[in-house]
Amino acid sequence: MLFRSHGNSSLWLCGVDDLTEGAPDLRAALQGRRPGETTVLLSHHPDFFFEAAAADVDLTLSGHTHGGQIRVGGRAPIHHSRFGYEQGWFQEGNCRLYVGRGIGVTVLPIRIDAPPEIPMVQFARARNVPPHATKPASDAAQSHGAEPELVRSDSGACVGAVVD
């Protein structure tokens with residue numbers, strides 16, 4: 001866990017173990033977080049997002065799915081997420097999830113219509129970000145263009161921007 005403070009703003013950065021091969025403990029990851037504190041969770045498996053959203057985690061960053069790895073007609077025949085969190089932005093209430101495609105593969109050493117990516121995540125104070133720049137996560141769920149997607153916490157702070 002990392003606590004970072006700047007003036008009246010603070011950031012709680014934490015992570016959990018893998019959902020399928022580990023024992024993720026969100027309570028331990030959030031222990032010490034102050035009420036209303038901007039929180040970013042690193043979770044390898046995106047299906048842990050329901051637990052994160054229930055705990056009011058502002059932004060969850062995940063991978064695991066490789067973007068579907070092999071996509072035919074925009075769909076992945078083999079699913080690595082029970083809830084359809086294959087790639088891009090998702091939202092549950094005020095909580096947001098970004099699922100990166102990563103650069104690896106599973107079983108077959110190929111990718112079709114799921115190009116590798118290493119997302120760049122930038123954090124900034126809200127006063128540095130124009131209000132019109134914020135997009136709802138649902139509008140950007142399948143967007144992988146050049147524009148950064150900004151994520152704000154309930155306090156209005158910009159907690160992250162993911163740029164392909």
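**Entry 1: cysteines**

I searched the whole structure for disulfides (pairs of cysteine sulfur atoms within 2.5 Å) and found zero. A disulfide is a covalent bond between the sulfur atoms of two cysteines. I am working from a predicted model, where local features need pLDDT of at least 70, side-chain atom pairs count only at pLDDT 80 or more, and totals for chains, interfaces and linings use all residues. Residues are numbered from 1 along each chain as its sequence is written, and side-chain values use heavy atoms, leaving out hydrogens and water.

Cys 14 has 3% relative accessibility and so counts as buried (under 20% relative accessible area; exposed is over 50%, partly exposed in between, with a 1.4 Å probe and protein chains only). Cys 95 is buried too, with a relative accessible area of 4%.

**Entry 2: the chain as a whole**

I noted two helices and nine strands in the protein chain, taken as DSSP runs numbered from the N terminus (helices H or I, at least four residues; strands E, at least two). From the N terminus, their order is β-β-α-β-α-β-β-β-β-β-β. The chain has 164 residues, and 42% of them count as buried. Its accessible surface is about 9,000 Å², with 56% belonging to carbon and sulfur atoms; the areas come from the Shrake-Rupley method with a 1.4 Å probe, and for residues only the protein chains shown count as cover.

I also checked contacts (heavy atoms within 4.5 Å). Among those between residues at least 6 apart in sequence, 53% join residues at least 24 apart.

**Entry 3: the cores**

Which residues make up the largest nonpolar core? I listed 10: Trp 12, Cys 14, Val 16, Leu 26, Ala 29, Leu 30, Leu 41, Phe 48, Ala 52 and Val 57. Such a core is a set of buried Ala, Val, Leu, Ile, Met, Phe, Trp, Tyr and Cys residues joined through side-chain atoms within 4.5 Å. The elements giving two or more residues to this core are β2 (9-16) and α1 (26-30). Another core, of seven residues, lies apart from it, and includes Phe 49, Phe 90, Cys 95 and Val 99.

I found β5 and β6 (residues 95-99) paired in the antiparallel sense over five bridges; pairing takes at least two DSSP bridges. Glu 92 stands opposite Cys 95 in β6. Two residues sit between the strands of this hairpin, and Gly 93 takes a positive phi near 60° there.

**Entry 4: between β4 and β5**

Is Thr 65 buried or exposed? Thr 65 is buried, at 2% relative accessible area. I placed Thr 65 in the loop between β4 (59-62) and β5 (88-92). Its side chain reaches the backbone oxygen of Glu 86 at 2.4 Å. Thr 65 touches Pro 46, His 80, Ser 81, Tyr 85, Glu 86 and Val 99, not counting residues up to four places away in sequence.

His 64 lies in that loop between β4 and β5, with a positive phi near 75°. Most residues other than glycine have a negative phi.

**Entry 5: between β6 and β7**

I looked at Ile 112, in the loop between β6 and β7 (120-122). Ile 112 is partly exposed, at 41% relative accessibility. Its contacts, not counting residues up to four places away in sequence, are Gln 69, Ile 70 and Arg 71.

Val 107 also lies in the loop between β6 and β7. Val 107 is exposed, at 80% relative accessible area, and its phi is positive, near 65°.

Definitions and conventions. Polar contact = N/O pair within 3.5 Å; in protein donor to acceptor, adjacent residues only side chain to side chain.
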